[in-house]
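Here's a quick briefing to read with the model open on your screen. Let's go through the disulfides and then the sheets.

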Amino acid sequence: MSTKPGMVMWARMFVSLLLVAFPAWAVASDPPKRVVLVGDSTMATRTGYGDAFCQLLQPGVSCVNLARGGRSSGSFRAEGLWDGMLTLLDGSKEVTAATLVLIQFGHNDQPGKPGRSTDLRTEFPVNIERYVDEVRRAGATPVLVTPLTRRTFREGVLQNDLAPWADAARRIASEKGVVLLDLNADSSSAVQKMGSAEADTFAEEPPRPKAPVNTDKSTAEPAGLPPSRFDHTHLGAKGASYFARMVAQELALAVPALAPQFQSNALQSLEPRRPQLSDGQAAQFTVQAVLAGANGKDKWLPLRDSLVTSVQSKLKPDYVVDRRAKPDNRRVFNTVQSAANRALVDSENGRVAKRRHIQVMPGVYEELLYIPATAPPLTIYSNDGDASHTVIRANLNAGTTGEDYGRRFGAGFDGMHAAIVAMYTSVKEKPVVGTPGSTIAWIRSPGFQARNITFENAWNRGEVKQETPIEITRQLVQTFNQALAVMIEGADKSQFENVRFLGLQDTLFLTTSQDAPHATVRSFFHRSYIEGDTDFIFGDATAYFYRSEIRSRGVHKNYSYVTAASTSIHTPYGFVFNESRFTHDGTPNALAGKFHLGRQWFRGQRCTPYSKVPDIAGYSCMPGDRDVQATDAAPQGTISTAVLESVGKVVIMNSHIGAHIDKARPWSDWNRIGARQYRPAQYDSNDFRDNLERAGIAPERAFGYGARPAPAQPYLAEFHSVDD
């Protein structure tokens, strides 16, 4: 897509915002020369990771660990320790300007610690904000670090009781434009995945063996085994090394100029958060390879289609849609649906046996568009090269009742072909329309094409003031329903050229047919634009996005997931993005840099085998013939093979990824640990099998799998992409 003057101006504004929020060396080549650590015992000498972190830096960077055990955000200042840190900064202006001050508190701010605890709402944020302001006033750069997790488990689930303090630090970092290292999120995710036994090896000393039970009350307990409460907070050498590297990796991503100043082994991956394809693997993700069909022999070459190669005027219309014209209902129509209906009728009457072209004149068409599977191949297009001038739009969300849907949209289906009416009736008869029923365009006919068109679901796309408090925003989020712009259902070889898809949650749904769930259904998007905020490109079909723009909005929410793929393990390809741009709207939520490229949709699950659910006593979830929800009354749920195998596949190649995407964690788990819907991110086929085995499910016995694929098949991966 060509660059417009407005986009250039926006880009300049974005760079200006970056320079305000971050120091010059965060976007330039001059690295920091000194790092100062301020915090509690989990960062301090002997009990924390601070010294191990300092050892990861090259000799040219000084590192001073001022963290002290037992200190909170309040007592660190009250005892004069903060004054010592400010004295350290009161030296050479050149060195101070090249100093990072890492600030981590939370453990001792919690209630129940006399003389140390602080109020989470009124004291802790004020203390942290004051530290940030004073570091900046001294000429150095503050870096906030969310508190390291404790390693305490209950029924197999990590108890992250420091999450509220981590949330507070995240809010402060976002509001004040401070670099944030989300150690709490990183460490809690890693510790949950490794389990309690491995996490115990991170302590200062291993757990003592349990004393034998003494049933003879007349004798004393055996000597040498005094009662001991195992320390799940502080770190021994192994834990310090592990979390020091975790902090180093976070910091290197947040401050790229510092990355070369770490020892060579410091930035080696602790886990494959951003796996990269090899050159050989990348060759398997070309347009031709991905769209070749299940057997590799169906050579679909969309870039050679006349939809792409012809000039605007070369597509000869069979029908014309013009909302201002007088319709004859044979060739000229006022609605796109009525033209598509005529194409279907003509096809059944034997008057046509090939692709039909529907030209849509510029304007806004307030309607729904349903294309049944029996329709001939259709091309819906405008000759106006600006897709924003020709819009098919409606306002419809998943919470709409069937009755209200019928009242609002029924007239648009009067007199339509029985196959179209059947689609309409299937939605109208539901108590609420649900996610699929909220779509503006529902495409079921193979070979469907569109060019120079906008599909927009206008539901809730108005602006929310940025000064809205986060508590109110969370309440508002509950009213934001799914609202699709387009659903491609079982329509193989669907093709879109310079098409805009506008929505918020669940903008574009790409799915196989319910009648053939493992059939290969392919879509191709070229020079197109997709916009939304949550799971806005989702489904189990195969789709190739080439030279397109994928824009995340942060107006309504402070979280975002671009994709939610539910690709079956048996489908070779999911979503592939090549030479595309992942952009954002410049809102404070987007500029916080915590949005995600995607999460793998755990489609149809009623329980999870990957985590205990502490809220349900006796909870379990094991494979079964069908999906049965676990509840308090019936805690033993089951999960079907099809749901377990909806692994989700997304590959991003040769693309530009904006600053809104979390560089450390671009891929997210599905839901939170301890929820019924939880599933950890699975980067490849090894992760899939490892997760099953940790859950006590033997894939070979349960599903008849053979040996693991070697090398592992990628599910989430990147190749030669560039971050802002």
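Cys607 is buried, and its relative accessibility is 0%. Keep in mind that this is a predicted model. Cys607 is bonded to Cys621, and a search of the whole structure turns up 2 disulfides.

**The Cys607–Cys621 disulfide**

- The S to S distance between Cys607 and Cys621 is 2.0 Å.
- The torsion about this S-S bond comes out at about 65°, so the link is right-handed.
- This pair ties together distant parts of the chain, 14 residues apart: Cys607 sits in the loop between β30 and β31, while Cys621 belongs to strand β31 (620–623).
- Why does Cys621 count as buried? Its relative accessibility is 4%, and the cut-off for buried is under 20%.

**The Cys54–Cys63 disulfide**

- Cys54 and Cys63 make a disulfide as well, with 2.0 Å from S to S.
- This link is left-handed, with -55° about the S-S bond.
- Cys54 has a relative accessible area of 17%, so it is buried, because the cut-off is under 20%.
- Cys63 has a relative accessible area of 21% and is therefore partly exposed.
- If you number the bonded cysteines in sequence order, the pairing reads 1-2, 3-4.

**The 5-stranded sheet**

- Which order do the strands take in the open sheet of 5? They run β2-β1-β3-β4-β7, and the pairing is parallel.
- At the edges you'll find β2 (62–65) and β7 (179–181), each of which pairs on one side only.
- On average, neighbouring strands in this sheet are turned by 20° against each other, direction ignored.
- Inside the sheet, β3 (residues 99–104) and β4 (residues 141–145) pair in the parallel sense over 4 bridges.
- To spot that pairing on screen, look for Ile103, whose bridge partner in β4 is Leu144.
- Helix α4 (residues 81–89) lies across β1 (34–39), β2 and β3, and it runs at about 170° to β1.
- Helix α9 (residues 237–254) lies across β3, β4 and β7, at about 155° to β7.

**The 8-stranded sheet**

- Another open sheet has 8 strands with parallel pairing, in the order β12-β15-β18-β21-β24-β27-β30-β35.
- Why does one side of β12 (369–371) and of β35 (667–668) have no neighbour in the sheet? These are the edge strands and each has a single partner strand, so one side of each is left open in that sense.
- Helix α15 (residues 418–428) packs on this sheet and touches β12 and β15 (441–443). The direction of α15 makes about 120° with that of β12.

**Zooming in on β27**

- Strand β27 (residues 561–565) is mostly covered, with 5 of its 5 residues buried.
- How many bridges join β24 (residues 534–539) to β27? There are 4, and the two strands run parallel.
- Gly539 has Ala565 in β27 as its bridge partner.
- β27 also runs parallel to β30 (residues 596–599), joined to it by 2 bridges.
- In that pairing, Tyr561 stands opposite His596 in β30.

Technical notes:
Residues numbered from 1 in each chain as written. Predicted model: local features only at pLDDT ≥ 70, side-chain atom pairs only at ≥ 80, totals over all residues. Heavy atoms only, no water. Pairing = 2+ DSSP bridges. Axes fitted to C-alpha atoms, helices over the stretch in contact; angles between N-to-C directions. Contact = heavy atoms within 4.5 Å. Buried < 20%, exposed > 50% of the residue type's maximum accessible area, 1.4 Å probe, protein only. Disulfide = S-S within 2.5 Å.
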